[in-house]
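Here are some notes for a colleague who has the model open. They take up a few places in turn and are meant to be read beside the structure.

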Amino acid sequence: MSNLISAPAAPFKPCIVVPVYDHEHAVGPVVRALLSHGVPCILVDDGSAAPCARVLDELARQAPRQLDLVRHARNQGKGAAVLSGFRRAAQLGYSHVLQIDADGQHNCADVPLFLATAGAHPAAVVTGYPVYDASVPAIRLYCRYLTHVCVWMNTLSLQIKDSMCGFRVYPLAPVLALAGRRAIGSHMNFDSDILVRLYWDGLEVVNLPTRVSYPSDGVSHFRMWRDNVLMTRLHLTLLAGMLWRFPRLLARTWRAR
């Protein structure tokens, strides 16, 4: 018998949210691959410069019935962009959001699998865990593993295989309820922060393997000092939050076993 939270009464109505910041070379192929699956898409322009803004305008012009474009006047960070997309999705009546990055690292062919899994488990978060090819930088791989260990400590569970993958499906209602009562990391700390807190709120996590590659000409907005400081602060904050949740989290892990 599954221990996933029972499905909500609302119908499963997903869309895709793509946060974009100066990915003018990658975002076109990513969006065209996503639209081939027939799922509506919300692009969030997080204060991109003119070249990328023009690409997004043209994509929206070419597919007005499938694409919705949200704009930030200035760059606010990946997490803030994703949350803007979530709020727009709620306004448009969607029940679930598939989040995917605009940089071309993720395998868009896996979208149907992620959505089918989310439809079968509509009260859970369906998140990818990367299957890397030879292009992955070794330093990123080791740093990610450190984050994994911190997340396992902060949840007292191994249920979250990877908390940093930017390819996942969220049920909108619990996400917006969480964002309405507390601030979520607005930069690269978003993916880990929201996943741990949704787990604390009782949501189950379904992990799916997905291929991830690092294009040689890819654009990364990870800022070594700023984002590592943010991640360190995040894990210390989550550790403090775990301590007073310790009995409940331990009981949950025990029941799962």
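1. Is histidine 121 buried, partly exposed or exposed? The model is a predicted one, and in it histidine 121 has a relative accessibility of 28%. Since buried means under 20% and exposed means over 50%, this residue counts as partly exposed. Histidine 121 sits in the loop that lies between α4 (111-120) and β5. Its C-alpha is 9.6 Å from that of valine 205, although the two residues are 84 apart in sequence.

2. For the chain as a whole, there are eight helices and seven strands, and 50% of the 257 residues count as buried. Among the contacts in the chain with a separation of 6 or more, 83% are accounted for by residues 24 or more positions apart.

3. Strand β5 (residues 125-132) deserves a look from both pairings described here. With strand β7 (residues 205-212), β5 pairs in the parallel sense over eight bridges, and tyrosine 132 has valine 212 in β7 as its bridge partner. With strand β6 (residues 168-171), β5 pairs in the antiparallel sense over two bridges, and here valine 126 stands opposite valine 169 in β6.

4. How do helix α1 (residues 27-35) and helix α2 (residues 50-62) cross, and at roughly what angle? Their axes come within 10 Å and cross at roughly 25°; angles under 35 degrees count as roughly parallel, and α1 and α2 are therefore roughly parallel to each other. The crossing of this pair is right-handed. On the α1 side, Val27, Gly28, Val31 and Arg32 take part in the contact, and they meet Val55, Leu56 and Leu59 of α2. Sorted by class, the residues in this contact are five nonpolar, one polar and one charged.

5. Threonine 253 belongs to helix α8 (residues 224-256). With a relative accessible area of 11%, threonine 253 is buried, the cut-off for that class being under 20%. Which residues is threonine 253 in contact with, once its neighbours within four places in sequence are left aside? They are Thr155, Leu156, Ser157 and Tyr199.

Notes: Residues numbered from 1 in each chain as written. Predicted model: local features only at pLDDT ≥ 70, side-chain atom pairs only at ≥ 80, totals over all residues. Heavy atoms only, no water. Axes fitted to C-alpha atoms, helices over the stretch in contact; angles between N-to-C directions. Helix = DSSP H or I, 4+ residues; strand = E, 2+ residues; numbered from the N terminus. Parallel < 35°, antiparallel > 145°, perpendicular 65-115°, else oblique. Left-handed = near helix turned anticlockwise from the far one by under 90°. Contact = heavy atoms within 4.5 Å. Nonpolar A, V, L, I, M, F, W, Y, C, P; charged D, E, K, R; others polar. Pairing = 2+ DSSP bridges. Buried < 20%, exposed > 50% of the residue type's maximum accessible area, 1.4 Å probe, protein only.
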